[in-house]
Amino acid sequence: MNPAKGWPFWLRLVLASLLGVVAAFGLAPFGIWAATLVALVLLSPLFLSTETRGQAAWIGWFFATGYFAHGLSWITEPFFVDAERHAWMAPFALVFLAGGLALFWALAFWIARRPGARMVRQAVFLALAVSLTECVRGYVLTGFPWAGLAQVWVGSPMAQVLSLFGPYGLGAVTLLATLPLGAALTQRGGFVLPLGFTVGAAGFALVYASSRPEVTETDHVVRLVQPNAPQHQKWDPDYAPVFFARQIEFTAAAPRPDLIVWPETSIPAWLGSAQPYLNAVIDAAQGTPVFLGIQRGDGPRIYNSMIYLDETGQQAGLYDKHHLAPFGEYVPLGNLMAEFGIHGMATTAGHGFSSGPGAALMDAGKLGKALPLICYEAVFTQDILSAPGRADFLLQVTNDAWFGTWSGPYQHLAQAQMRAIEQGLPMMRSANTGVSAMIDPLGRITDALPLGQAGFIDAKLPAPHDPTVYSRIGDVPVFVLLGAMFALLWRNVRRDHS
């Protein structure tokens, strides 16, 4: 029997919201994946207690709103960097973002609910429906896959499954291992298949993780520079020279590494007028190549860019960020919105930054080929899958000062770890305020600088693994498989319902 059926509907909505909040404790900085699993198991009885599809949609919406509101609470931080201009937007941003993302879950719950159908079968159907809407969330309108369920597994053996099925496949496994099990709690018997799948998935992950190839180190040493410039001081004329001087000091320190990486927008000048600053970088580097973030203009367009200075100090590579953060680096209908005083937080000019041509590889000399990622781009597995070839390492430069000092920077780091596992490639990550880190092809952090600390680390670059299954097949086979399973189950659920 399902005790939730006798509860007032408003109470079920409150409980769904609270379960969503609990589920978000699986995300960084907490990393309590068991909280996510328990919340999903207990969500099933609430879903199955509904009498109509509309009620089911509300259960899904309240759960997901609680989950995203807690998990994405860091989204308010950027609005307080320039509080006078943007603070008023903070509560609206969190409410509308959490509520908007929750609509994907509401749709899945509405589709999946079929009163009268077998409970466990409905829960499997719900797991597939949510999985498919999560796929859509990661791609539609430029996508926003942050806080996907696969993210809760970072740091556990289960995360290694990313190298097979990617984030959407692992998210689907998580749902299939929990929602049907919760449905089985509402009836007598019927535990064998749901419990068997859950135990089997966990056992497979443990065995697979133990079989992953060992990581070896190269002889190359990479220096990751972290100036720790708070966002409200980063461009202040009184402070910018201080932060630049820190980076010069860190760059000049002995012994000499094989590569130096500065974070996103680390030069306090536009590229066209930055030669005095670049000369200082070249002098401090003493013949060591340097990757660094910088802004540049090209006629009426402006770009968030990364350049590569080779051993001779020449600019030997340029990459323009192509996956921009909406309302951060650009505003849809920017010129119109500017009339109402609404600008991207990283720029005050109309539409804001322009997108670069797309994913690209950059030659890093004796270290091989780098796949550059600027800040937000490391969130998107599709940006890496669209690269024109296989890199030897992933390179992220970021300004996580925008994300505050609580959950945002750690969740951003977790997603960088996921990209490393998915591709079987090491990731070097230089973050303005942290966390700067060297990540191996298994997603493990081999060396790091804590959040909010100025300094640098000299870390050995791990060798890449062979291409993973996921790096070869991408998301399409996962989407097709989930869609096929959904279509096959649709007939059975409708037959039960009729």
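Biologist: What makes the contact between Asp320 and Arg296 a salt bridge?

Modeller: Start with the distance. In this predicted model, the side chains of Asp320 and Arg296 meet at 2.7 Å, N to O. The cut-off is a Lys or Arg nitrogen within 4 Å of an Asp or Glu carboxyl oxygen. The value 2.7 Å passes, so the pair is called a salt bridge.

Biologist: Which parts does the pair of Asp320 and Arg296 tie together?

Modeller: Asp320 sits in strand β5 and Arg296 in strand β3. These parts are 24 residues apart in sequence.

Biologist: How do you know whether Asp320 and Arg296 are buried or exposed?

Modeller: Look at relative accessibility. Asp320 has 8%. Arg296 has 13%. Buried means under 20%. Both values fall below that limit, so Asp320 is buried and Arg296 is buried.

Biologist: How many salt bridges does a search of the whole structure find?

Modeller: Eight. One of them joins Arg137 to Glu134, with the closest N and O atoms 2.7 Å apart. Another joins Arg444 to Asp440 at 2.8 Å.

Biologist: Why are Arg137 and Glu134 separated by about one helical turn?

Modeller: Because they are three residues apart in helix α6, residues 119-139. Arg137 has 2% and is buried. Glu134 has 10% and is buried as well.

Biologist: What are Arg444 and Asp440 called, buried or partly exposed?

Modeller: They get separate labels. Asp440 has 2%, which is under 20%, so it is buried. Arg444 has 44%. That lies between 20% and 50%, so Arg444 counts as partly exposed.

Biologist: Now the strands. How do you know that β4 and β5 pair?

Modeller: Count bridges. Five join β4 (residues 301-309) to β5 (residues 315-320). Pairing needs at least two, so β4 and β5 pair. They run antiparallel.

Biologist: What makes β6 and β11 the edges of their sheet?

Modeller: Take the order β6-β7-β8-β9-β10-β11. These six strands form an open sheet with mixed pairing. β6 (362-363) and β11 (445-449) each have a single partner strand, so one side of each has no neighbour in the sheet.

Biologist: What packs on that sheet?

Modeller: Helix α15, residues 407-423. It touches β8, β9, β10 and β11. Its direction makes about 160° with that of β9.

Biologist: How do you know that β9 pairs with β10?

Modeller: Three bridges join β9 (residues 427-431) to β10 (residues 436-439). At least two are needed, so the two strands pair. They run antiparallel. Arg429 stands opposite Ala437 in β10. The loop between β9 and β10 holds Val435. A cis peptide bond joins Gly434 to Val435, with omega about 10°.

Biologist: Which residues form the nonpolar patch on the surface?

Modeller: Val38, Leu42, Leu185, Phe191, Leu195 and Val199. Together they have about 510 Å² of accessible area. The elements giving two or more residues to the patch are α2 (33-48) and α9 (192-211).

Biologist: What makes the phi of Thr265 and of Gln286 worth a note?

Modeller: Each is a positive value in a residue other than glycine. Phi is near 40° in Thr265 and near 55° in Gln286. Thr265 is in the loop between β2 and α12. At 8%, under the 20% limit, Thr265 counts as buried. Gln286 lies in the loop between α12 and β3.

Methods:
Residues are numbered from 1 along each chain as its sequence is written. This is a predicted model: local features need pLDDT of at least 70, side-chain atom pairs count only at pLDDT 80 or more; totals for chains, interfaces and linings use all residues. Side-chain values use heavy atoms; hydrogens and water are left out. Helices (H or I, at least four residues) and strands (E, at least two) are DSSP runs, numbered from the N terminus. Contact means heavy atoms within 4.5 Å. Axes are lines fitted to C-alpha atoms, for helices over the stretch in contact, and angles run from 0 to 180 degrees between N-to-C directions. Patches are made of residues with over 30% relative accessible area and no salt bridge: like charges are joined within 9 Å, nonpolar side chains (Val, Leu, Ile, Met, Phe, Trp, Tyr) within 5 Å. Accessible areas come from the Shrake-Rupley method with a 1.4 Å probe; for residues, only the protein chains shown count as cover. Buried means under 20% relative accessible area, exposed over 50%, partly exposed in between (1.4 Å probe, protein chains only).
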